[in-house]
Amino acid sequence: MGPQPEPIRFFGTTWVDHSGGYIARRAGVAVGSLAAAAAACFVLRIAYQGLRIAEVGGFVTLLMVVMFAVCSALAFRHTWSAFTTRPDPARQASLRGLLAVGFVGSLVAYFFRSLTEAPGEKLHRAEYATAREQYEKRTTRRSGNPSKKRRRS
């Protein structure tokens, strides 16, 4: 039977052989993530306008804009690198707040990655190939009945 491929969100295991509407799913994920990022930017613009109406001052407004820009950039970088290497669970937990604030960056990273492949496909394909290779090595070494093996003298 061998190792089974790990499913990817929105794609299942269609990434293995690009079947089952893989291209349509990639297009849907790209459009969906871009639409979600645009909607998020619209919500952030409303929040920005709320601060302007409240007249909290230029420093607070600048601080909010810089905070969202920096958090989005860091979230983009973290999400992008998570497509090629497995993130450390402890680091992932510590960055949860930053990723929540910079969600626009994560959505943009998801959009750009879905233009070339299913997000995380390269990582999953490498892990799956390694697992298949190790499985083949284990199964090809075991041949015949070991009790009938001739002993060397």
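Predicted model: local features only at pLDDT ≥ 70, side-chain atom pairs only at ≥ 80, totals over all residues.
Biologist: Helices are DSSP runs of H or I with at least four residues, and strands are runs of E with at least two. Going by that, what percentage of residues 95–112 is helix, and what percentage is strand?

Modeller: Residues 95–112 come out as 89% helix and 0% strand.

Biologist: OK, what's the average pLDDT of the chain?

Modeller: The average is 91, and 92% of the residues score at least 70.

Biologist: And where is confidence lowest and where is it highest?

Modeller: Helix 6 is the lowest, with a mean of 90. Helix 5, which covers residues 103–114, is the highest at 96.

Biologist: Let me pick a residue. Which helix is Ser33 in?

Modeller: Ser33 is in helix 1, which runs over residues 22–54.

Biologist: Why does Ser33 get its burial label?

Modeller: Ser33 counts as buried because its relative accessible area is 6%, and the cut-off for buried is under 20%. If you skip residues up to four places away in sequence, Ser33 touches Leu107, Tyr110 and Phe111.

Biologist: Switching to charges. How many salt bridges are there in the whole structure?

Modeller: The search turns up five.

Biologist: Why would side chains pair like that?

Modeller: Side chains with opposite charges can pair when their charged atoms come close. Glu121 and Arg125 are one case here, with their closest N and O atoms 2.7 Å apart.

Biologist: Where do Glu121 and Arg125 lie?

Modeller: They're both in helix 6, residues 121–141, and four residues apart, which is about one turn of the helix.

Biologist: What about Glu136 and Arg132, how far apart are N and O in their salt bridge?

Modeller: That one is 3.7 Å, N to O. Glu136 and Arg132 also sit in helix 6, four residues apart. Glu136 is partly exposed at 37%, and Arg132 is partly exposed at 29%.

Biologist: And Arg113 with Glu117, buried or exposed?

Modeller: Arg113 and Glu117 are buried, and their side chains form a salt bridge of 3.1 Å, N to O. There's a network of salt bridges too, linking Glu6, Arg86 and Glu127.

Biologist: Tell me about Phe83. Which residues is it in contact with?

Modeller: Leaving out neighbours within four places in sequence, Phe83 contacts Ala109, Tyr110, Arg113, Pro119, Gly120 and Leu123. Phe83 is buried, at 6% relative accessible area.

Biologist: How many aromatic pairs does the whole structure have?

Modeller: Seven aromatic pairs. Trp80 and Phe83 make an edge-to-face pair, with 6.4 Å between centres and 70° between the planes. Trp80 is partly exposed, at 29%.

Notes: Residues numbered from 1 in each chain as written. Heavy atoms only, no water. Buried < 20%, exposed > 50% of the residue type's maximum accessible area, 1.4 Å probe, protein only. Contact = heavy atoms within 4.5 Å. Salt bridge = Lys/Arg side-chain N within 4 Å of Asp/Glu carboxyl O. pLDDT = per-residue confidence, 0-100. Phe/Tyr/Trp six-rings, centres within 6.5 Å; stacked < 30°, edge-to-face > 60°.
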